Amino acid sequence: MATSLLRIFHAAFQNVEIRLLQAFGLHPPPGPALAIPGCHHPLQGSQDSDRTEPSGLSSLLGGVFLMAAPKHRQSLERRQKRQRHPDKLIKPKENLFPCPECGSMMQEGFLCINCYQRIKYETDIIRQKIKETETDGLASTAETVVRYADETITESDKSKRVIEMARKKPHWFTKDMYDEHWKTS
C-alpha cells in the first residue's frame with residue numbers, strides 16, 4: 001500500500017517538474033520532434049494567434065485525475081444495512097386481479113400476458129400466410145380478410161384479399177380483436 005502511494009506521488013511530482021521546466025524553457029518538449037525547413041510553429045500562424053497556452057494548476061498537473069477515497073473500511077454490518085434498507089426492497093404488488101378472459105392473474109392497467117401471447121401467436125400465423133400469398137415480395141395494397149375453416153365470406157369481402165386458414169377460429173379471437181391489432185401494427 002505504501003509503495004503504491006509512493007509510486008503515485010513520485011509520478012505526479014515528476015510530471016509537475018517536467019511542466020515547470022517546460023514553462024521556463026529549460027527542458028525540451030517530450031516526444032520526438034521533426035523540423036522541416038520553411039515550416040512555422042502552428043501557434044505562430046495568423047489563424048491561431050488568439051490561442052493561448054493553458055495556465056494554472058490544471059496545466060501543472062498535466063491531466064492527473066485525483067479522486068476521493070474512503071479513510072476507513074466500512075464494516076460488513078453497515079454495508080448490509082445500507083444495501084438492505086426497507087425502502088430499497090421490492091414491494092409486493094397489490095393491484096392484481098384475475099383476467100376475465102383466461103383467469104390468470106394480471107396487473108391492473110396492463111394486458112394479460114397469457115392472452116397477449118395467444119393473440120401474438122395467432123397473428124404471427126396470419127402474417128406468415130400473408131407473406132406466402134405475396135407474389136413478388138411486395139405487399140398488396142388491397143384490404144385483407146382472414147377466413148377460418150368454420151367461416152363464410154360475405155359479399156363485401158369478395159373484393160378484398162382473402163387469407164384462408166385451414167383450422168377453426170379460436171373462440172377468444174374475435175373480429176374486433178383482429179381489426180384492432182392490425183390497425184396498430
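What follows is a short chat about a predicted model of a protein.

Reader: What mean pLDDT does the protein have, and where is confidence lowest and highest?
Author: The mean pLDDT (the predictor's confidence in each residue, from 0 to 100) is 76, and 69% of the residues reach 70 or more. Confidence is lowest in helix α5 (residues 175–184), with a mean of 53, and highest in helix α3 (residues 76–83), at 93. This is a predicted model in which local features need pLDDT of at least 70 and side-chain atom pairs count only at pLDDT 80 or more, while totals for chains, interfaces and linings use all residues. Residues are numbered from 1 along each chain as its sequence is written, and side-chain values use heavy atoms, with hydrogens and water left out.

Reader: How many helices and strands are there, and in what pattern?
Author: The protein has five helices and four strands, which follow the pattern α-α-α-β-β-α-β-β-α along the sequence. Helices (H or I, at least four residues) and strands (E, at least two) are DSSP runs, numbered from the N terminus.

Reader: Changing topic, which residues make up the largest nonpolar core?
Author: Seven residues form that core, namely Ile125, Ile126, Ile130, Val146, Tyr148, Ile163 and Met165. Helix α4 (residues 113–133) supplies the largest share of this core, three residues. A nonpolar core is a set of buried Ala, Val, Leu, Ile, Met, Phe, Trp, Tyr and Cys residues joined through side-chain atoms within 4.5 Å. Buried means under 20% relative accessible area, exposed over 50%, and partly exposed in between (1.4 Å probe, protein chains only).

Reader: And Ser104, is that buried or exposed?
Author: Ser104, which sits in the loop between β1 (96–98) and β2 (105–107), is buried, with a relative accessible area of 17%.

Reader: What does the Ser104 side chain make a polar contact with?
Author: The partner is the side chain of Asn114, at 3.0 Å. A polar contact is a pair of N or O atoms within 3.5 Å; within protein, one must be able to donate a hydrogen and the other to accept it, and residues adjacent in sequence count only if both atoms are side-chain atoms.
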